[in-house]
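Dear colleague,

I am passing on the structure that I have been looking through, and my notes on it follow below. Please read them with the model open beside you.

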Amino acid sequence: MRPALPLILAAVGALLAGCGGSTRPACPAGELCLEFGNTGDLISLDPYKGGTTSELQAVGEFFTPLLDTAPDGEPVPGVATKWETSPDGLTWTFHLRDMVWSDGVPVTAEDFVFGLQRLFDPKTASDQASQIYAIKNSKAVNEGKLPLSAVGASAPDPHTLVITLEHPWPILPYYANSLVMTPTPKHAVEKYGDAWVQPQNYVGNGPYLPVSVKLGDKVVARKNPRYFDAAKICFDQVSFYPTIDAVSAERRVKRGELDVNTRIQSNRVEYLRRPGQMPDYVRVHPWVGVTYLAYNMRDVPALKDLRVRRALSMAIDREFLTKKLLRGGQQPAYGFVPPGMVDYKDGPRVDWADWPFEKRQAEARRLLAEAGYGPKNPLKIDIKHRNTADPSLVMPAVQADWKSIGVLATLTPNESQIAYEAYRTRDFQVADAGWVNGNNAMDYLYMQRSDVGTQNYGEYKNPKYDALLDEADQERDLAKRAEILKKAERIILDDAPVTATFFMVNQNLVSPRIVGWVDNSLDTHRIRFMCFKDAAARVAALPKQ
Amino acid sequence: MTVLGPELAPGTGGGAAGLPSAPLKGRSLWDDARRRLFRNRAAVAGIVVLALLVVAALIGPYLTPYAYDQVNKDDVWVGPLSGAHLLGTDSLGRDLLARLLVGLRVSLAVGVVATVVSLVIGVAWGATAGYLGGRVDEVMMRIVDVLYSLPFIFFVILLMVVFGKNFILMFLAIGAVEWLTMARIVRGQTLGLKEKEFIEAARAAGVSSPRIVLRHIAPNLLGPVVVYVTLTIPAVILAESFLSFLGLGVQEPLTSLGVLISKGAQDMELAPWLLIFPSIVMVVTLMCFNFIGDGLRDAIDPKDR
């Protein structure tokens, strides 16, 4: 046993050292590395295939879309430096800068045309495509009714991109800075096929490029030396961690192992703000996002019944969820469109919004009884939910609320991407989902259209609703448009294909060492605008915005 | 390992197959073992405390003023010893005492059921392989080796995929993995036992192989098996908490000690009682099992002291 003792002591010593000190991964000498807690894994590095906030954050660093996003979340010139609109608002012309892909091939307007065709190609099966159905013929192409070449995008010369629309769409710049409007490296896709998103084949035009991808561990990205503004990039390397457990991520941030984590477990915000904890790390800001439950109306007979859906929606105590359980500044949701829309104020609320909770419970029980469910024949249902911090807190409360009206719910937690994949294939009964898109009411309302594709998780179909949204698309007067959208929202509140539980806040933990992070209601943060405070020379070089 | 002759097989009042059963008045080896066990203070304390815990887990949940899944919206994160909640409440206002008792019940049930499954399969498999020997032994133990190489989590996930998420299934899954070690231990013991004279005698008397394994080999394996069982139960309780943490085990609102602790660890700074009380119960339970296991080993197998 004797020789073992020093070994054991050494092991214990190493363990203690590991616990006490920072286990920040080594950074190459002379370089600056950002350790970024990104909440979830990246299932796909294809800009058109991922849709979670984790994927948008990381893949957003690997590509520069038509427009870029300023630190405050607003669209600013990206690949396009300037643009103009035709008088009828149907044709947009973008002028592109000189830029090369990471393999040196020039980025041309043709890459955007190819990208949009690939986005709308039914074979790509992107669930992000429906956001920009305003582009001419895009919906028909996406449904396989027209050839890819019919998409309303053309490249008269390598530096000019012309986009034609179905209807006037003044908010296009708010989509032009998202991943759906990134160019696709045609030459790389033709060479490697679907494998072009493997790190060894990856071609991007963003400030960073992925060099190693380990699911469940981290994605390491290095500065792209061919990025047009590469000289101003502060961090040489960025690692994205799938920090599903927000509480342990918080401790890693505190230890200095991570510089940022994009999620705080809501009910800890108050605690973290206390002096001596991490008050200068906590960043809480209203977020244009809604958390909701979707009812599977395709496969679950009980949920086809409006009375059941209404009862379930009514029985959730949103005041308890937001004020007592989450306590992170979330607002109880009685509508579906979050506050903070640029084109839409004071949307409708559900008709039972102001009822006392007891009255809602009584009405819910009555509706369930009417639908044939009662103590002898209770409704049994499964809620599939994301296993991230807040859903894991909220779902047991929803379960308890439903139990008090006699509904027996089971919970099935899944990793976010797995859960969303299940929702897309309708493998759920009740789905817990969140949606953060933009600051336009349509960004939220379009999801319940019958023709939107996989994102209408519950397969709600209402021609009247679709017609109202079409009408709103054609309306150029913003006030009148808002009125039409309100009528549409009223319909989904009455029909309850989904029920919103609360409106989100974004909660980030950001080390005070970082400069250039600006809280914004879209929660988009481009890393090329950030740096460490102590790296003065690089801070001075940051792009001015 | 003290060899117990067939006359001293437990639970039968002596008398093995084929032999006339004479009532035994003197001190049997089992009496000795019992005396030695009860002289071991730690083991006795373990037995008493564990008995209390078992009783609490069985009837406690019916006595608490709150149900374990009852959400008390006005009592969120109430500390212990304040007002109506003896041990405080969690973030949903659920009474910790009620949850703790239910959690203990679930953990103990998982531990016992899984261990019984592993015991039955492991002893039968190991004793058969050891007794029959030869090629049968080779094949049976290679099967054990192969199963050993199967990653536990992978196996559990596979079961979940095939049979769906089911609480009972988890017991079986854990038991179905834990039996491997048991089978090895039992086989090793059996190899030694089957050369002993009383087995020879039984064989000469014409007792069939299954009966020899059941009546003569198995009872003599009791010592190491009992010890291993008391060590398996805590291992299973820990495995359950691990599975629950991964979302494969018990699900809300049901809970277990492991789940309570992992949730409590998250809220450690805000509501320390959510971590402290379940941890105490977990530690005490595991210590009881270990003390009892220790005591039993010393009692049944005094040579090891």
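A salt bridge here is a side-chain nitrogen of Lys or Arg within 4 Å of a carboxyl oxygen of Asp or Glu, and 6 salt bridges are counted between chain A and chain B. One of them joins the side chains of A:R251 and B:E269, with 3.4 Å from N to O. The elements of chain A that each supply at least two residues to the side touching chain B are α7 (246-255), α10 (318-326), α12 (389-403) and β15 (407-414), and α12(A) gives the most, with 7 residues. (Helices, H or I of at least four residues, and strands, E of at least two, are DSSP runs numbered from the N terminus.)

This is a predicted model, in which local features need pLDDT of at least 70 and side-chain atom pairs count only at pLDDT 80 or more, whereas totals for chains, interfaces and linings use all residues. Residues are numbered from 1 along each chain as its sequence is written, chains are lettered from A and ligands numbered from 1 in the order in which they are written, and side-chain values use heavy atoms, with hydrogens and water left out.

Across the interface, 24 residues of chain A are in contact (heavy atoms within 4.5 Å) with 19 residues of chain B. The two chains bury about 1,800 Å² between them, 51% of it on carbon and sulfur atoms; buried area is the accessible area (1.4 Å probe) that two parts lose on being put together, summed over both.

In chain B, helix α2 (residues 41-63) has 23 residues, which at 1.5 Å a residue should span 33 Å, and this agrees with the 31 Å between its end C-alpha atoms; the expected span is 1.5 Å times one less than the number of residues. A kink of about 40° lies at B:A57, shortly before the proline B:P61, the bend being the angle between axes fitted to the seven residues ending at a residue and the seven starting there. Both B:A57 and B:P61 are among the buried residues of α2(B), as are B:L50 and B:L53, where buried means under 20% relative accessible area (1.4 Å probe, protein chains only). What covers the buried residues of this helix includes α1 (29-39), α3 (96-132) and α11 (273-300) of chain B.

Finally, A:S266 lies in the loop between β11 (260-261) and α8 (269-272) of chain A, and counts as buried because its relative accessibility is 0%. Leaving aside neighbours within four places in sequence, A:S266 is in contact with residues including A:L326, A:D390 and A:Q507.

With best wishes

Conventions:
Buried means under 20% relative accessible area, exposed over 50%, partly exposed in between (1.4 Å probe, protein chains only).
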